[in-house]
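Colleague: I'm new to reading protein models. Could you walk me through this one, question by question?

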Amino acid sequence: MRIGIDLGGTKISGLALGDAGEILARKRIPTPKGDYDGTLDAIALLVADLEQETGQTGSVGIGTPGAISPATGLFKNASAVFLNGRPGKVDLEARLGRPVRIANDANCFALSEAVDGAGAGYNVVFGVILGTGCGGGVVFNGQVHVGPNAIGGEWGHNPLPWQTPDEYPGPECYCGRRGCIERWVSGTGLQQDYANVCGEELTGEEIAARAEAGDTEAQAIMDRYEDRLARGLATVINMLDPDIVVLGGGVSAVARLYESVPVLWQRYVYSDRCDTVLRQNVHGGDSGVRGAAWLW
């Protein structure tokens with residue numbers, strides 16, 4: 001049995017998978033806000049509950065914001081800042097009495113979709129989460145690419161390519177720089193663009209629906225968003241040349257992206273033709289926690 005844990009900002013999700021990927025048990029609990037020890041205790045309790053429900057002992061994989069630094073063994077780059085600089089892997093292994101595997105939540109998303117989701121059967125899968133941020137993960141032949149710096153797939157903290165004059169220098173990013181791809185193509189970025197123009201906060205799906213209904217301002221905003229997303233993904237394709245890009249997060253539900261973006265990225269990809277496939281995820285909100293389980 002494989003146990004996957006997805007550590008989110010407001011909730012911790014747990015899932016027990018059988019050998020064929022079938023769901024044996026699931027549970028969700030609130031994340032202790034800003035409490036490092038409380039969060040680790042909650043994860044340990046969640047694992048115990050899943051094992052009690054199934055009557056089995058499982059391997060444990062955990063998807064988290066940020067990553068474990070190969071240099072120090074400590075958490076880094078986590079938006080849940082109370083994790084940063086703490087020895088989460090060592091402390092969790094002590095609580096659980098067994099080894100654990102920890103990966104960035106976007107890596108877990110990509111792995112889930114590569115194993116038995118939209119990316120199944122493809123050799124190179126690039127998974128993208130378009131939500132509050134725009135994380136990314138790379139899977140080669142069923143294995144997550146972490147890299148020596150544990151930043152494999154972190155496309156969102158590169159500058160938006162081929163910037164227009166009105167896009168330069170771009171909005172400030174929490175990483176300390178300006179104009180990061182994340183600030184433009186995340187769900188937050190799309191919503192902010194609409195709010196700046198129209199003075200109203202809507203979800204990506206709502207903005208797309210208004211565009212489809214003939215709202216000219218919403219259409220212009222979606223056109224800008226799709227071109228920015230195409231530019232960002234074109235740089236990934238130019239470097240990685242993945243077989244498939246799988247989208248997750250709230251913006252992935254916007255159906256028009258899967259037609260428009262592959263047409264637009266043809267302008268920017270360094271090839272006579274781009275055959276990379278763009279697909280929506282299969283497992284939805286379960287992708288991250290399933291991917292954590294598949295770390296073993």
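**The sheet and its neighbours**

Modeller: Let's start with an open sheet of five strands, ordered E3-E2-E1-E4-E7 with mixed pairing. Strands (E, at least two residues) and helices (H or I, at least four) are DSSP runs numbered from the N terminus, and two strands pair if DSSP finds at least two bridges between them. This is a predicted model, where local features need pLDDT of at least 70 and side-chain atom pairs count only at pLDDT 80 or more, while totals for chains, interfaces and linings use all residues. Residues are numbered from 1 along each chain as its sequence is written, and side-chain values use heavy atoms, with hydrogens and water left out.

Colleague: How do E1 and E2 run, and which residue in E2 is the bridge partner of Asp6?

Modeller: Six bridges join E1 to E2, and the two run antiparallel. In E2, the bridge partner of Asp6 is Ser13.

Colleague: What about E4 and E7: parallel or antiparallel?

Modeller: Strand E4 covers residues 59-64, and five bridges join E4 to E7. One example pairs Val60 with Val100 in E7. The two strands run parallel.

Colleague: At what angle does helix H2 run to E7?

Modeller: Helix H2 (residues 88-96) lies across E4 and E7. Axes here are lines fitted to C-alpha atoms, for helices over the stretch in contact, and angles run from 0 to 180 degrees between N-to-C directions. Contact means heavy atoms within 4.5 Å. H2 runs to E7 at about 145°.

**Pockets**

Colleague: How much space lies in the largest pocket?

Modeller: On a 1 Å grid over the protein atoms alone, a pocket is an open set of points with protein on both sides within 12 Å along at least five of seven lines, and lining residues have an atom within 4 Å of a point. Grid points are joined across faces, edges and corners, and a volume is the space filled by probe spheres set on the points. The lining has 46 residues, with Pro65, Ser79, Asp105, Ile129 and Gly133 nearest the centre. The space in the largest pocket is about 1500 Å³.

Colleague: Is Ser287 buried or exposed?

Modeller: Ser287 lies in helix H9 and touches Cys108, Phe109, Ser112, Glu113 and Asn281, leaving aside neighbours within four places in sequence. Buried means under 20% relative accessible area, exposed over 50%, and partly exposed in between (1.4 Å probe, protein chains only). With a relative accessible area of 1%, Ser287 is buried.

Colleague: And how far apart are the C-alpha atoms of Gln191 and Ile221?

Modeller: Gln191 sits in helix H5 (residues 187-198) and counts as partly exposed, at 33% relative accessibility. Along the chain, Gln191 and Ile221 are 30 residues apart. Their C-alpha atoms are separated by 9.6 Å.

Technical notes. On a 1 Å grid over the protein atoms alone, a cavity is a set of points where a 1.4 Å probe fits but cannot get out, and a pocket is an open set with protein on both sides within 12 Å along at least five of seven lines; lining residues have an atom within 4 Å of a point.
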